[in-house]
Amino acid sequence: MSAALYDLSASELLAAYRSRQLSPVEVTQSVLDRVAQWEPQLRATYLLNPQGALAQAKASEARWMKNAPTGLLDGVPVTIKENIATKGEPMPLGTAAVELFPSMTDSPAAARLRESGAVFFSKTTMPDYGMLSSGLSSFHALTRNPWDLSKGPGGSSAGAGAASAAGYGPLHIGTDIGGSIRLPASWCGIFGLKPSLGRVPIDPPYTGRAAGPMTRTVTDAALMMQVLSQPDARDSMSLPAQNIAWHETEAATPAFFQGKRIGLLLDAGCGLPLDDEVRQGIEAAAKLLEAAGAQVTSMKPFMTPEMLAGMDHFWRMRSFSDMQLLPAERREKVLPYIRTWAESAADFSGKQVFDASQQFHLTRVATVRACNAFDYVISPVAPHVAFAAEWASPTNDPFKPLEHIGFTVPFNMSEQPVSSVNCGYTKSGLPIGLQIAGARFDDLGVLKASRAFEQMRGEQRAWPEPPPLA
């Protein structure tokens, strides 16, 4: 094995365990050593548990020595986003306002990963209530982007994105209700998949909310989906069991795009203007697809400022209502940006809230209608690259908090599977994410398209290394 153990993919680790070339113990120790190098600057972890991880790794090693792995991911290190419940551990939801109690059970995603034998060594950070696309939190330390420590990793799966890019092992899981997997995947240069709604059961379920893999390679994400996609009755929107050939992802080649109808969306119809370097990166990706035989057609925007504002206003009222249930002393602990944003809904009328709520369905209808003519739709993940770590959002304005999610949020409402795959870098070295959206339930197709593009894109830059300790 020439690569550092923490850099190996899950597929490579499993092959090495089978052949007895590597032990889960030495791999887990390598990952823990990598975390120790990065964490003083990165701050991506929560409840980091080296001793517990090594104990799990030793148990896995014993199973592999008997040729009796307990599941598909036995011995592979994994991190879990903090808002995915793990039995016996508190779930602060990124905010100092939450009272901490141990979770009674594993959530569906955590349960499936644990049953598979994955080694749980840490959870990962997120902003208050998952309502920011940054690593800013009133509970966790500020999480930074390993490509540039002055920048944030994106959010709300902030720690997961940073951990993957920094080499905290191969497998990470995040959640996404408006872009919270894809935005950090884009800004950290990794791969992220927001599956079709219900494909990966989640608890509690909520409109548009999904859990999904965040990895360095598409193949590792497909491997995780074999585990994560098992139905769970706790999710009222969980899809029925289906025999999906996730393993076919690995064999996808650029020929996948031959004859495919690809929509190219470069105008979200709302929010911030598209940065020139991001536009160039997406246009270059479109040319690669054309060269592979795809028919690429420019799309008109289908989102509107009214749709984005409606979602913003409805979520403000939801958050305001939730915060009103908190005692005053705990409410004051919420990040001021979030508190200001939510409290601005205090005087909304019933009609305003109703009108705002209707924008979710209007977005869903418009998105499905616009995508129907295509096999896949490509676009930027975001109109810009990573922004200042200390900022709560790209505008840093609580009254304009969602100006960057015009490309991502419509696919949460339409329930379509959609990925972020790195397609290049800015002149300053920051990653640019290409978004690939498929038809509802075509999760495997999105993975195949992402894998095919992964082989077509230019040479990837070396993963960032931690700065020397002072």
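# Questions on a predicted model

Reader: In which helix is Ser11 found?
Author: This is a predicted model, with residues numbered from 1 along each chain as its sequence is written, in which local features need pLDDT of at least 70 and side-chain atom pairs count only at pLDDT 80 or more, while totals for chains, interfaces and linings use all residues. Side-chain values use heavy atoms, and hydrogens and water are left out. Helices (H or I, at least four residues) and strands (E, at least two) are DSSP runs numbered from the N terminus. Ser11 belongs to the run of residues 10-18, which is helix α1.

Reader: Is Ser11 buried, partly exposed or exposed?
Author: Buried means under 20% relative accessible area, exposed means over 50%, and partly exposed lies in between (1.4 Å probe, protein chains only). Because its relative accessibility is 28%, Ser11 counts as partly exposed.

Reader: Which residues does Ser11 touch, not counting residues up to four places away in sequence?
Author: Contact means heavy atoms within 4.5 Å. With those neighbours in sequence set aside, Ser11 touches Thr219, Asp220 and Leu223.

Reader: Where is Ser319 found, and is it buried or exposed?
Author: Ser319 is found in helix α9, residues 305-324. Its relative accessible area is 10%, so Ser319 is buried.

Reader: Which residues are in contact with Ser319, leaving aside its neighbours within four places in sequence?
Author: Ser319 is a residue of helix α9. Beyond those neighbours, the contacts of Ser319 are Met131, Trp341 and Ala342.

Reader: Which residues of strand β5 are buried on its two sides?
Author: In a regular strand the side chains alternate between the two faces of the sheet. Strand β5 covers residues 191-194, and both of its faces are covered. One side has Phe191 and Leu193, and the other has Gly192 and Lys194.

Reader: What volume has the largest pocket?
Author: On a 1 Å grid over the protein atoms alone, a pocket is an open set of points where a 1.4 Å probe fits, with protein on both sides within 12 Å along at least five of seven lines; lining residues have an atom within 4 Å of a point. Grid points are joined across faces, edges and corners, and a volume is the space filled by probe spheres set on the points. For the largest pocket, this volume is about 830 Å³.

Reader: Which element gives the most to the lining of the largest pocket?
Author: The largest pocket is lined by 36 residues, and Tyr129, Gly130, Met131, Arg209 and Arg318 lie nearest its centre. The elements giving two or more residues to this lining are β4 (171-176) and α9. With 5 residues, the element that gives the most is α9.

Reader: Which residues are joined by a cis peptide bond, with omega of about 5 degrees?
Author: Most residues other than glycine have a negative phi, and most peptide bonds are trans. Pro204 is found in the loop between β5 and β6. The cis bond with omega of about 5 degrees joins Asp203 and Pro204.

Reader: What is the phi of Leu93?
Author: Leu93 has its place in the loop between β2 (77-81) and α4 (108-115). Its relative accessible area is 27%, so Leu93 is partly exposed. Although Leu93 is not a glycine, its phi is positive, at about 60 degrees.
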